Amino acid sequence: MTALALCLIIFLDLVLVIFLVLFLVFMLDSLVKGHDLPTSKKTIKQLIKIILKHKPEAVNFYDLGCGRGTVALAIKKELPQLEVRGTDYNAIRIFFAKLKSFFFRRKIDFKKQDLFKIGLQNADIVYTYLWYDLMPPLEKKLQSELKTGALVVTNTSKFPNWQPVEIINTRTKIPKLADFETLFVYKKE
Ligand SMILES: C[S@@+](CC[C@H](N)C(=O)[O-])C[C@H]1O[C@@H](n2cnc3c(N)ncnc32)[C@H](O)[C@@H]1O
């Protein structure tokens, strides 16, 4: 065996080990840390239409609880003029989000942070896909921090007091989970 062939085998083994470790971390994170269901492609397409309809002049987009960055990456691809920010308190998910943005060469500001600690005074568009119990405190935060006219889109869970200006159900075939993948569109008054 030549030295070149040996180097190639070692290199391929290394790539395989890295891939397996990443896959293991990915699986463990999903099992242990729970609820990381990403927004579906179909719903992201709808989200992009909502942005173009309600806030075409927006400068920035925030995904609060961005997981592994699925939505942020898609928004940056389709609307590259937007400054895209994603925050999640799960370090592993932020690691994967950063890795993907590096490989896809999309400049996105991913931060490991509790979404309740991030300042939203300058936000133009806020997107969330979070547990129902987070919606009341999030509504309070957005009410006190967001500027008038900011666009807020929530997926599946809605706010207790704010009234949506539009509701779009992207998955009508699941009657038991009526609001699953339903987008609630709000404008900060
Ligand atoms: C259902 S996933 C949604 C991921 C992504 N936004 C999407 O739609 O594809 C919800 C994410 O919110 C994150 N999360 C929940 N509570 C949070 C908090 N207080 N601060 C930051 N992230 C939070 C979870 O770690 C999880 O990754």
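This is a predicted model: local features need pLDDT of at least 70, side-chain atom pairs count only at pLDDT 80 or more; totals for chains, interfaces and linings use all residues.
Local features need pLDDT of at least 70, and side-chain atom pairs count only at pLDDT 80 or more, whereas totals for chains, interfaces and linings use all residues. Residues are numbered from 1 along each chain as its sequence is written.

The protein contains five helices and seven strands. Both are DSSP runs numbered from the N terminus (helices: H or I, at least four residues; strands: E, at least two). Along the sequence their order is α-α-β-α-β-α-β-β-α-β-β-β. The C-alpha trace spans about 70 × 40 × 30 Å along its principal axes. Of the 189 residues, 29% count as buried. A buried residue has 20 or more other C-beta atoms within 10 Å of its own; an exposed one has 12 or fewer, and partly exposed residues lie in between, with C-beta atoms placed from the backbone.

Strands β1 (residues 60-64) and β2 (residues 83-88) run parallel and are joined by five bridges. Pairing requires at least two DSSP bridges between two strands. Leucine 64 has threonine 87 of β2 as its bridge partner. Together with helix α3 (residues 70-78), β1 and β2 form a right-handed β-α-β unit. Right-handed here denotes a clockwise path from the first strand over the helix to the second, with the strands pointing away from the viewer. Five bridges also join β2 to strand β3 (residues 108-112), again in parallel.

Helix α4 has 13 residues. From first to last C-alpha it reaches 18 Å, close to the 18 Å expected at 1.5 Å a residue. The expected span is 1.5 Å times one less than the number of residues. Arg93, Ile94, Phe96, Ala97 and Ser101 of α4 are buried. Viewed down the axis of α4, the buried residues fall within an arc of 160°, so they line one face of the helix. That arc is taken over the directions from the helix axis to the C-beta atoms. Ala91, Phe102 and Phe103 are exposed, on the face of α4 turned away from its buried side. Arginine 105, which follows α4, has a positive phi near 55°.

The ligand is surrounded by 21 residues, the closest being Pro38, Thr39, Gly65, Gly67 and Tyr129. A residue is near a molecule if its C-beta atom, placed from the backbone, lies within 6 Å of it. α3 and β2 each supply at least two residues of this shell.
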